[in-house]
Amino acid sequence: MSGAILFIKEDLKTTEVQEEIFLGILSIISILGILAGGRISDAIGRKPAMGLAAFVFQAGAVIMTVSPTFEVLMIGRILAGIGIGFGVMIAPVYIAEISPAFARAHLNWRIMLAVGILPAVFIAFALCIIPESPRWLVMQNRIQEARAILLKTNDNDTEVDERLSEIQLAAGITDAEKHQSKAVWRELLSPTPALRRMMITGFGIQCFQQITGIDATIYYSPKIFKAAGIDGNSNLLAATVAVGVTKTAFILVAIVLIDKVGRKPLLYVSTIGMTLCLFTLGTSLSIPGEGSVGIALAILSVCANVAFFSVGIGPVCWVLTSEIFPLRLRAQASALGGVCSRVCSGLIAMSFLSVSHAITTAGIFLVFSLLSAISVAFVYTMVPETKGKSLEQIELLFQNNICGGFGIKNFISSKFLGDKHKVSARTA
């Protein structure tokens, strides 16, 4: 989208304010999809809900591709935002629930927008293959179907039965857990100490993911590079493509590392690296007349910042949020976390140009670097390591307040919560 906006401005004669609205509205409007996604996925299942998300997003991408005016372009952007809201809420929950603990020019811009149709096509195809979430099936009292799906990821009958029992306990379905509980939203509004810690961790990491300016950096990368001294749309587009390639490549790296290295080490590497890159970018933009050195430093800083984001806090944020909440609260709590992310993203994207005019582009990135530094402290104090733990075991980390530190507390907790000492989770 950052590359397409260069040509949208030329073709549709958009103003700077319209650019801010167009780029930022996606995050704001996605809140509707996020809030509806929790209830819809609980009602019809995770799999059909993902299909609905793909359909809505695809409709938006098609409308944007053929839009003759800015107003029609906005309609497509709004639909795409709703579809993305569905997706960012439902997909991480589904992945967490299905996975075992060890693995969890004029025509130019129209072509760029049309590319957005492809993911929805792949998702529609994938929905014909993937199974429903076993945890959702348990919540619907379809126990045998849930057991059959668990057997597809683990051929040990004993372990599957133990896992199924844990899920039933967490869902409050067994006789021992059949008691009147507070409504989900009421429980979220009046949380227990353990749930409060989960909410601070989940919602906090979602906010830090966005207030460090990643969406603004990507959306407005052509303007950032222009401020660094790059001239001409072709050169700006080439630099912007480099950012996109970097982001994609390091997401693939994160997929490989997230279950090998763990969530927290990746978060440390990510937040510390982003802090250094944002500070370097802000500093380089504040020094006039650097020429080719300044341009190279700006491109390197932006690409490195995106790389650190993509290998850590970008994907880990969603994994973590989908892991830490109890089953009966997971969809709604994940939805609220998504709302935090989208509100922060939308506010920054819709105000970036205005704020940068007020305090300069360099100044806004120095502010982002300060916020990123604060996120390092947040990760240290509030985020537990969840690698290799079942979703039910993760609940106990918050019940016992085993969250912060560089890994000592998490190492101790793993000894007590390991596979040899499985315990059933229960909300404190």
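## Terms and model

Ala, Val, Leu, Ile, Met, Phe, Trp, Tyr, Cys and Pro are classed as nonpolar, Asp, Glu, Lys and Arg as charged, and the others, Gly among them, as polar. This is a predicted model, in which local features need pLDDT of at least 70 and side-chain atom pairs count only at pLDDT 80 or more, while totals for chains, interfaces and linings use all residues. Residues are numbered from 1 along each chain as its sequence is written, and side-chain values use heavy atoms, with hydrogens and water left out.

Two packed helices are described by the angle between their axes and the distance between the axes. Helices are DSSP runs (H or I, at least four residues), numbered from the N terminus. Axes are lines fitted to C-alpha atoms, for helices over the stretch in contact, and angles run from 0 to 180 degrees between N-to-C directions.

Helix H11 (residues 193-211) and helix H17 (residues 313-324) have axes that come within 9 Å and cross at roughly 160°. H11 and H17 are therefore roughly antiparallel to each other (an angle over 145 degrees). Their crossing is left-handed (the near helix is turned anticlockwise from the far one by less than a right angle). In contact (heavy atoms within 4.5 Å), residues of H11 including Met198, Ile205 and Phe208 meet residues of H17 including Cys317, Trp318 and Leu320. By class, this contact has eight nonpolar, six polar and no charged residues.

## Helix H18 and its partners

The axes of H17 and helix H18 (residues 327-382) come within 8 Å and cross at roughly 150°. H17 and H18 are therefore roughly antiparallel to each other. The crossing of H17 and H18 is right-handed (turned clockwise). Trp318, Thr321 and Ser322 of H17 and Arg330, Ser334, Gly338 and Ser341 of H18 make the contact. These residues divide into one nonpolar, five polar and one charged.

H11 also packs with H18, at an angle of about 30° and with the axes 4 Å apart. The contact of H11 with H18 has 19 nonpolar, 10 polar and one charged residues.

## The largest cavity

A cavity is a set of points, on a 1 Å grid over the protein atoms alone, where a 1.4 Å probe fits but cannot get out. The largest cavity has a volume of about 40 Å³ (the space filled by probe spheres set on the points). Its lining residues (an atom within 4 Å of a point) include Val88, Gln206, Trp318, Thr321 and Ser334. Helix H4 (70-98) and H17 are the elements that give two or more residues to this lining. H4 gives the most, with four residues. By class, the lining has five nonpolar, four polar and no charged residues.

Methods:
Angles under 35 degrees count as roughly parallel, over 145 as roughly antiparallel, 65 to 115 as roughly perpendicular and the rest as oblique. On a 1 Å grid over the protein atoms alone, a cavity is a set of points where a 1.4 Å probe fits but cannot get out, and a pocket is an open set with protein on both sides within 12 Å along at least five of seven lines; lining residues have an atom within 4 Å of a point.
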